[in-house]
Amino acid sequence: MDTADAHRIQSVATHPVNPHEIWLGTTNGVFVSRDSGATWRPVPQHGLRSVDVRTLHVLGEEGVLLAATETGVYLLDREATHWEELYEGLPTTHIYDLAVAESEGSHIAVATARGVYTLTFMTPE
């Protein structure tokens, strides 16, 4: 990966089962390596309202990726081609961080400029 493409790295996440898979959240989107960082490729940005990715979290053995940007929380689809916004109950404001508690559904605490909010969703099958 060319460091000019990444801008500033803000978050690092690894796959819970595959230690060779690493995700980077940057000020210019998300990048992924599936060979322990030897090579990197950008993840498509379709669906993101902001490419300023503040934090990442990888859910479960399937490796579902969540991203918190300055404008929302997003879930990457299984084919890694499109982001879906998770917005129920979230105000339109800066998102700073997220924490996830996984169970049958995932509970997400989202730190925003207006306070802390929670989201609940089922991990896609």
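Okay, quick one: two strands count as paired if DSSP finds at least two bridges between them, and strands themselves are DSSP runs of E, at least two residues, numbered from the N terminus. What stands opposite L75, then? That's E84, in strand 8.

Before I go on, this is a predicted model, with local features needing pLDDT of at least 70, side-chain atom pairs counting only at pLDDT 80 or more, and totals for chains, interfaces and linings using all residues. Residues are numbered from 1 along each chain as its sequence is written, and side-chain values use heavy atoms, without hydrogens and water.

Four strands, open, order 5-6-7-8, antiparallel pairing. Strand 5 (53-59) and strand 8 (83-86) are its edges, each pairing on one side only. Strand 7, residues 73-76, is joined to strand 8 by four bridges.

Next sheet: open again, three strands, order 9-10-11, antiparallel. Strand 9 (95-102) and strand 11 (115-121) each have a single partner strand, so one side of each is left without a neighbour in the sheet. Strand 10 (106-112) pairs with strand 11 over seven bridges, and H107 has T120 as its bridge partner there.

By pocket I mean an open set of points on a 1 Å grid over the protein atoms alone, where a 1.4 Å probe fits, with protein on both sides within 12 Å along at least five of seven lines; lining residues have an atom within 4 Å of a point. Among the lining residues are H15, W23, R34, L76 and D77.
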